[in-house]
Amino acid sequence: MRTSGREALAGWAFAAPALIVIALFFGVPVFAGLALSLTDFDIYALADLRNLRWQGWDNYVQVLTMPLFWQALGNTAYFVVLGVPLSIGVSLAAAVLLQSRLVRFKPLLRTALFAPVVTTLVAVAVIWRYLFHVKYGLVNYTLQGLGIDPIDWLGDPHWSMPTIILFAAWKNFGGNMIIFIAALQAVPNDLYEAARLDGARSWAQFRHITLASIAPTLLMVTILTTAGYFQLFAEPYVMTQGGPLQSTVSVLYLMYDEGFKWWNLGLASAVAFVLFLIIVAVSKGLIALQRRISGAEA
Amino acid sequence: MKPRAALVNGLLWVFAALAIFPLVWMVCVSLMPAGSASSLPPPLLPADPTLVHYQKLLGDGGLKRAFVNSLGLAVVSTLVSVSFNTLAGYAFAKLRFRHRERVFGLLVAALVIPGQVAMLPLFLMLKGMGLVNTWMGVLIPSMAGIFGIFLVRQYARGVPDELLEAARLDGAGEWRIFWNIVLPTLKPVLVTLAVFAFLGSWNDFMWPLIVLTDGEMHTLPVALAALSREHVQDSELMMAGAVITVLPVLVLFVALQRYYMQGLLMGSVK
């Protein structure tokens, strides 16, 4: 690469403001967080740094032996395992339908389907709380019309997480829908023509052409959505405050409580890093799974 | 083929209605007099519409303060982050300097680290710098973003090198080349970036919740969350609060959705 002095200087100068911000306020804290997770940083250390003790892996041991951590991890896993397929399924269904040549008013429908994505989470969480109100909520009223007894959606520990999952799917499906639409547009039309000549049915076409063609996009979307869903926080914070019976405490909610409510910053940092490792491991697992599946089909 | 078209269209309209319904319902309830939404059967349309909740919320002590705070923060963070990300994105795309690819590779690798990992230490750092409970403190993490740099870089790679070389031969400085030649061609991606930055700042919840402890400085989402804990029973008032929070971003999105969706797509073709 031929580099002229002036150009190189300009390059560094142009990149500098962003790089400095990212290094100082993201890079440094990440490493500091790792160090923090190895100390007993708490409210006493916050008042006077001399109270700070180095304590190795103790925080990690404490996190992994904490019943509430396992409960939070279980709740988060529940949210991910049900929420990710539901969200992606709805996104894909909407994208496939919207892609059809038979659809009229396409731009209008697309905008309507996408609108929840840009809304403010806290505000729409408030709406859902009233929609799912046990007594005056429209959801229970509608169900009653179908002869189903009222459900205490956010007050019953069995229903609280499913309600949050429904909410998350409604709020988020539009984003992946747009990505799927683009991927579907890139599938060559001749493939469908050929399949039709071969007499393939709609379902077979969908499985062997559509799904096979968009598999890389599907994997990427799954990884990004999974990583995002592991970071569940604002939904339970606004809708249930982690309750009832801690059924909606997520890992990040636990980190927030430990860190900013009880000021156990060392322990909370350990929670954050455990969550990070879990996200990395699950992403790697998904990639390996995809290789296996596509290898088996090839 | 006819029934099939009806099925596809019908399904889509049902989907779209489900997506939009909570938002329409929010507006309807916000116009009802206090207490009237809590009756059976739950009313769908306001019998006698009133703006009383909006008057209350936009008067003193309501959400007016929070609205101004949110707007100011969103505007400033949009201006700063668009400037920083555009400069850096262009540098990584077009300016040749040593270690460029290595630094960029590091940035991309850092994309996998969730922001929450940095949150606690960043809070302590800002506390040490006296920036907790200040506007600067909320703005700092949003001043530059790896995703934004990535978007601009993708786009700026399309600028022909010959154009830049010709300008250099004419003796133009790097800043002038950027300002006069590159920036105009980047306009679409700048709008995309701005929409993302504005929405991101407006909708952000966790960081302002942590950094801004003073009620006077709360942003709309934080103020709304606090309000909803106090006024659990006042559904009509809360709906008006939700409308005030959501409407500005919805309008912005509908006006600029082309750019927003483009950004989403560019980000997904890594």
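1. Crossing of α4(A) and α8(A). In this predicted model, α4(A) and α8(A) cross in a right-handed way. A crossing is right-handed if the near helix is turned clockwise from the far one by less than a right angle, and left-handed if anticlockwise. The helices in question are α4, residues 67-99, and α8, residues 160-185, both of chain A. Their axes come within 6 Å and cross at roughly 40 degrees. Axes are lines fitted to C-alpha atoms, for helices over the stretch in contact, and angles run from 0 to 180 degrees between N-to-C directions. The angle makes α4(A) oblique to α8(A). Angles under 35 degrees count as roughly parallel, over 145 as roughly antiparallel, 65 to 115 as roughly perpendicular and the rest as oblique. The contact of α4(A) with α8(A) has 21 nonpolar residues, seven polar and no charged. Nonpolar means Ala, Val, Leu, Ile, Met, Phe, Trp, Tyr, Cys and Pro; charged means Asp, Glu, Lys and Arg; the others, Gly among them, are polar.

2. Basis of the numbering and the cut-offs. Residues are numbered from 1 along each chain as its sequence is written, and chains are lettered from A, ligands numbered from 1, in the order in which they are written. As the model is predicted, local features need pLDDT of at least 70, side-chain atom pairs count only at pLDDT 80 or more, and totals for chains, interfaces and linings use all residues.

3. Chain A overall. Chain A has 14 helices and zero strands. Helices (H or I, at least four residues) and strands (E, at least two) are DSSP runs, numbered from the N terminus. The radius of gyration of chain A is 24 Å, well over the 19 Å that the globule rule gives for 298 residues, so chain A is more spread out than a compact globule. That radius is taken over C-alpha atoms, and the rule is 2.2 Å times the number of residues to the power 0.38. The C-alpha trace of chain A spans about 75 × 75 × 40 Å along its principal axes. Of the 298 residues in chain A, 43% are buried. Buried means that 20 or more other C-beta atoms lie within 10 Å of a residue's own; exposed means 12 or fewer, and partly exposed in between, with C-beta atoms placed from the backbone.

4. Helix α9(A). This helix, residues 189-197, is hardly covered. Gly199(A) follows α9(A) and has a positive phi, near 80 degrees.

5. Chain B overall. Chain B has 13 helices and zero strands. The C-alpha trace of chain B spans about 75 × 65 × 30 Å along its principal axes. Buried residues are 45% of the 270 in chain B.

6. Arg153(B). This residue is in helix α7 of chain B. Arg153(B) counts as buried because it has 21 C-beta neighbours inside 10 Å. Leaving aside neighbours within four places in sequence, Arg153(B) is in contact with Gly89(B), Phe92(B) and Ala93(B). Contact means C-beta atoms, placed from the backbone, within 7 Å. Arg153(B) and Ala88(B) lie 65 residues apart in sequence, yet 8.0 Å apart in space, C-alpha to C-alpha.

7. The contact between the chains. Chain B gives 73 residues and chain A gives 72. On the side of chain B that touches chain A, the elements giving two or more residues include α1 (2-30), α3 (64-94) and α13 (235-268). α13(B) gives the most, with 15 residues. By class, this side of chain B has 58 nonpolar, ten polar and five charged residues.

Key. Contact = placed C-beta atoms within 7 Å.
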